[in-house]
Amino acid sequence: MGVREGILALLVEGPKYGYQIKREFEAATGDAWTLNVGQVYTTLSRLERDGLVETCGEDTKTYRITEAGRAEAAEWMIRPVEQPVASRDEVSMKILLALTTGTVDPVVVIDRQRSATMTSLQDYQHLRSETPEPDLAWLVHLDRLTFQAEAELRWLDRIEDRIQQSGRGRQPVASDEAPTHEAVPTEVGGVRG
């Protein structure tokens, strides 16, 4: 999503001035995306140049959406977002390089990432519990972050299993041997933590 499309979507509700757009944009995104008011006015100028908004009001310069802007906002809202395959995901690259180079055991990389992702997941759950009143935008954003973290934990579990099955990661330690690596968190709530 771009600032341009977000501003158009907000102006569908009615005319607004620049700082109002900034505040409403941030609230609508659960404060996950903050804007500089200068960025808002620059974008509004471009939208006006492109015939998608026009100025109105005499005391305070406000902006309203044109029919062309309304059509563009509607088309953008219903157009599916394509999720390209990330070719440079850092976690994947670390695990692949660990597998290829032998620099470190790939399972150690997985363990460390799993721990960091579990900490993030716990942070999201804590933030959800501290949300004082129903803030739908913030809760929707937290849900997205939560599901992404849960998906990463499942993926890490899957690739650890694949690595173990291939015999390329560290082998499980027999019960009478001392572990040679740091402790791996146990399963919590259906995902390893």
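These are my notebook entries on a predicted model.

**Entry 1: helix H1**

I began with helix H1, residues 3-11. Seven of its nine residues are buried, so the helix is largely enclosed by the rest of the structure. I listed the buried ones as Val 3, Glu 5, Gly 6, Ile 7, Leu 8, Leu 10 and Leu 11. Next I looked up what they pack against. I found strand E1 (16-17), helix H2 (18-28), helix H3 (37-49), strand E2 (53-56), E3 and H4.

Arg 4 has a relative accessible area of 27%, so I wrote it down as partly exposed. Which residue forms a salt bridge with Arg 4? I found Glu 72, with the closest N and O atoms 3.1 Å apart. Glu 72 lies in helix H4 and Arg 4 in helix H1, so the pair ties together parts that are 68 residues apart in sequence. Glu 72 is also partly exposed, with a relative accessible area of 27%.

**Entry 2: salt bridges around H2**

The count of salt bridges in the model comes to 13. I looked up two that involve residues of the region around H2. Lys 22 and Glu 26 meet through their side chains at 2.6 Å, N to O. They are four residues apart in helix H2, so about one helical turn separates them. Are they buried or exposed? Both Lys 22 and Glu 26 are buried.

The other bridge joins Glu 24 to Lys 16, with the closest N and O atoms 3.0 Å apart. Here the two partners fall into separate classes. Glu 24 is partly exposed at 23% relative accessibility, whereas Lys 16 is buried, with a relative accessible area of 6%.

**Entry 3: a nonpolar patch**

Tyr 17, Tyr 19, Val 37 and Tyr 41 make a nonpolar patch of about 330 Å². I checked one of these residues further. Tyr 19 is found in helix H2, and its relative accessible area of 40% makes it partly exposed.

**Entry 4: Thr 66**

Thr 66 sits in the loop between strand E3 (62-65) and helix H4 (67-78). I put Thr 66 down as buried because its relative accessible area is 14%, and the cut-off for buried is under 20%. What does Thr 66 contact, leaving aside its neighbours within four places in sequence? I found Gly 51, Leu 52, Val 53 and Glu 54.

**Entry 5: helix H5**

I checked the length of helix H5, residues 90-101, first. At 1.5 Å a residue, its twelve residues should span 16 Å, and the end C-alpha atoms are 16 Å apart, which agrees. Then I looked for its buried residues and found Val 91, Ile 95 and Ala 98. They cover an arc of only 60° around the axis, which puts them on the same side of H5. An α-helix has 3.6 residues a turn, so residues three or four places apart point the same way. Helix H6 (106-130) and helix H7 (136-166) are included in what covers the buried residues of H5. The face turned away from that buried side carries the exposed residues Glu 90 and Thr 100. Just after H5, I noted that Gly 102 takes a positive phi of about 75°.

Note on methods:
Residues numbered from 1 in each chain as written. Predicted model: local features only at pLDDT ≥ 70, side-chain atom pairs only at ≥ 80, totals over all residues. Heavy atoms only, no water. Buried < 20%, exposed > 50% of the residue type's maximum accessible area, 1.4 Å probe, protein only. Contact = heavy atoms within 4.5 Å. Expected span 1.5 Å × (residues − 1). Arc of directions from axis to C-beta. Patch = residues over 30% accessible without salt bridge, like charges linked within 9 Å, V, L, I, M, F, W, Y side chains within 5 Å. Areas by Shrake-Rupley, 256 points an atom, 1.4 Å probe, with all protein chains shown as cover. Salt bridge = Lys/Arg side-chain N within 4 Å of Asp/Glu carboxyl O.
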